[in-house]
Amino acid sequence: MKSPRQSAAGRARAAVDRAGRLRQPAPPRRLAGLWRFLAVLGPGIIVANAGNDAGGIFTYSNTGARYGTSLLWAFIPILICLVLTQEMVARLGTVTGKGLMDLIRERFGVRWTLFAAVVVIVANGGTTIAEFAGVAGGLGLLGVGRPIAVIGAAVLIGIVVLRGNRRVVERIFLALGLTFVSYIITALTVHPDWGAIGTAAVVPSLAHPGVSTGAFAVDLIALVGTSITPYMQLFLQSSIVDKGSRVQDLSLVRADVVTGSIFAVVVAAFIVITTAATLNPGGLAGIGVSSPQQAAQALEPLAGIHAEQLFALGLVGASLLAAAVLPLSTAFVVCEAFGAERSVQSSFADAPLFFTLFIGLLVVGAGVMLFPGVSIAGIAIGTQTLDGILLPVLLIFILVLANDKRLLGERRNGPVHNAIGIALAGTLILLTGVLVVATVFPGLAG
Amino acid sequence: MIFLSDFLRADVIDVGQRRVGSVRDLLVRMGDPYPVVVALALRSSRKLPDVIDWGAVRQGESNELALNVATTALKEYQATKDVIWLARDVLDKQIVDTDGRRVVRVNDLQLQVSAGNLLLVGVDVGARGLLRRLGAEGLGKRVSRLTGRNIPQRLISWDAVDPVHSDEESVKLRISHRKLAKMHPADIAEIVEQLGGRDRDAIFQSLDDEIAADTLEESSDEVQAQIIARLDDDRAADILEAMAPDEAADILGDLPEERRETIIAAMEAEEAEDVEELLSYEEDTAGGLMTTEFVAVPAGLTAEQTIDKLRELEPDAESIYYVYVVDDDEHLLGVLSLRDLIVAKPLTLITDFMIERVVAVPLDARPEDVAAVMAKYNFLAVPVVDDDDRMQGIVTIDDAMDTVMPAAVRRRARTL
């Protein structure tokens, strides 16, 4: 027996038919699958991708243009160090369920935390400046004036982060950043001398004709500093904590980190190979990248007259993503370490430190690019050197934490881990020393 | 006021006024209402015990502690399980402020002498505590005098906090979060969201299944997934069983397939079946939104019999307002409100006063449309039927609300 049902008024949005039932089935959600895939992308892969930001693109392009393929060998030790550093951080995050700054506060107390916070703010502030340089450079190639590009980007980020749906925007930027895979395709189309590249990748060379030792140290530190950034470590540990990975999943977490690191370093190496082949075909000319136009030329064999647009699109996407994430995550981890109120939903009066840091980093990041005559490539590469100089500080904190028996128990570092970690920190400190000596006494080393 | 930071690094001198070392930490025995300092951890270059009884210390200045026994007579303090190290286990850690209902970080600890004992009485969570730790409290005072703005002292009484204290060993000890467990689940959820993984584990281990389930229901989707991800299968299954099936299905739906299956396998057969049925519907439809917990009765009953049936079933708050009348094949015949049932004469047949024109939604209806129907007819719950008009479940107002609230309001801040 069918019961009579109420019939609904046709004007209502909730149109119920004579049987009293809605006759509007949900539309098929084809996009949902893609979003879900992106949502479960491992933190390791996302973080590695975030490493190929404005600073990375310019630094790698500069390396290829200035040194040809002769510095390719550096990517092997960089990969080893990147994997090991990220693994330590991922392990700390998985086992303790706490962020890196949290652990520093709990293990080392207020004074060291203040020191670490200053280092993180300076390093991330520098990187934020580099991202705005990327935004200015990318939009500049598309014909947008620098003040409009920079102020517009800062306002957009402010609104998106404080008001809008950040997740969706983040993914759009991330997808744009993926256009840098086009470097791999370009490298394959220009047919470089693969034999010579293979040799360069495994035979270490410190030759730097036409470049002073000081400048060489700067470039080398920048190369390491942009591949293994302080903020990648903070970001990786936070996302692992947020994801709630379990100790049982540690091998999966490691696989994710290794995959991400390999992907990042392969893309980086291909940027160097491509720029070496296109911008420095005659061998060691010793001239670096000084403008976005120049860097974009590397994609000409692939994209022809659209090389600048392709380069610009990727650069803007990657830079905007990082420029939004950096100030926010920096403000967040610093506030967390000091127990200060932190939430984009609070008012300024409730979370003064949080908003001061977030807005301050945005303003500084955007502000530097507003000074007339500031070189986009110079800023993007210089800040990576700063990252490289500050990385050992964070690395030492990570090493001590990863050796803490109370924190990690049986999962603390083994001797190989420590040896490589100390070697990386030592190398960077040594290079910084060379840089300082070469800057103070320019005549000392040709 | 005396603070732990005053003691840390203070010199320890022996009976002959010679410096023998400095203070590394103070140890307290947990007690009600205030923990008592029972021992002193020593940092010394000499061959002295690491931890000595507080009884060997003469009470006095906090910047210099004098021993009242010869150093040769000092013995290693034997700590019991209820003794914790203040600097190592509490200072700089996160702690739950049960009055303020939030998570704070311990910047310093306030001590007080009472009847010959040194007691832990309060937690400093303010900027003054940070400045004191940096050795810059004087500077802070000068700045505040200059600017005319006072840097507030933010102290929380020890009896209003619940230490999270999540070292591997103490998690095993299962510190009882008695104060926490008495809070409203929505408040516990908010606190849990602010804590890291291991701290969350510690809290969830101490809560019973019912409270844990309520807390989980009040948490945001992301946090739910994170919490379940870190629990072992059996415990996760226990908590999910205590939840409403639709909530449990939502959480399980967000887990990786493999993990979802092992948890469902660990659940009781009946609950597992409900959850699996709900999981088979698309998330963004009435089927995905509904719960299978509703009251359905056969047509032949009287009002009195129906009320008896309600007593027997003990339905949840969300599902008690409507009683659905169905035939043997679960076809929907009518609906009774709780009010109709109570005001009706006990012996009246329910078919005499039930509303026969039941508004229902199909399994594949969009959530927005379900919410619109409920808003239009002022329903607290709306039945969901399949293509043959058989009743499958109900969508309750709280779940429908979630779909129409602006997404930004629901989304939590923490997405780094």
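Start at the hairpin of S16(B) and S17(B): 5 residues lie between the two strands, and Glu330(B) in the turn has a positive phi of about 65°. Strands here are DSSP runs of E with at least two residues, helices are runs of H or I with at least four, and both are numbered from the N terminus. The model is predicted: local features need pLDDT of at least 70, side-chain atom pairs count only at pLDDT 80 or more, and totals for chains, interfaces and linings use all residues. Residues are numbered from 1 along each chain as its sequence is written, with chains lettered from A and ligands numbered from 1 in the order in which they are written.

Select residues 322-326 of chain B, strand S16. Of its 5 residues, 4 are buried (20 or more other C-beta atoms within 10 Å of a residue's own; 12 or fewer is exposed, in between is partly exposed; C-beta atoms are placed from the backbone). Strands pair if DSSP finds at least two bridges between them. Val323(B) stands opposite Leu336(B). Pro298(B) has Val326(B) as its bridge partner.

Next, the open sheet S18-S19-S20 of chain B, with mixed pairing. S18 (361-362) and S20 (391-396) each have a single partner strand, so one side of each is left without a neighbour in the sheet. Select S19(B), residues 381-385: 5 bridges join it to S20(B), antiparallel. Val385(B) stands opposite Met391(B). Helix H19 of chain B, residues 367-377, lies across S18, S19 and S20, at about 135° to S19(B). Axes are lines fitted to C-alpha atoms, for helices over the stretch in contact, and angles run from 0 to 180 degrees between N-to-C directions.

Switch to chain A, with 19 helices and 0 strands. Of its 446 residues, 54% count as buried.

Select Phe132(A), Ala133(A), Val135(A), Ala153(A) and Ile221(A). They have the most contacts inside the largest nonpolar core, which has 139 residues. Such a core is a set of buried Ala, Val, Leu, Ile, Met, Phe, Trp, Tyr and Cys residues joined through C-beta atoms within 7 Å. Color H15(A), residues 307-338: this helix gives the most to the core, with 21 residues.

Center on Ala153(A). Beyond its neighbours within four places in sequence, its contacts include Leu320(A), Ala323(A) and Ala366(A) (contact: C-beta atoms, placed from the backbone, within 7 Å).

Notes. Two residues are in contact if their C-beta atoms, placed from the backbone, lie within 7 Å.
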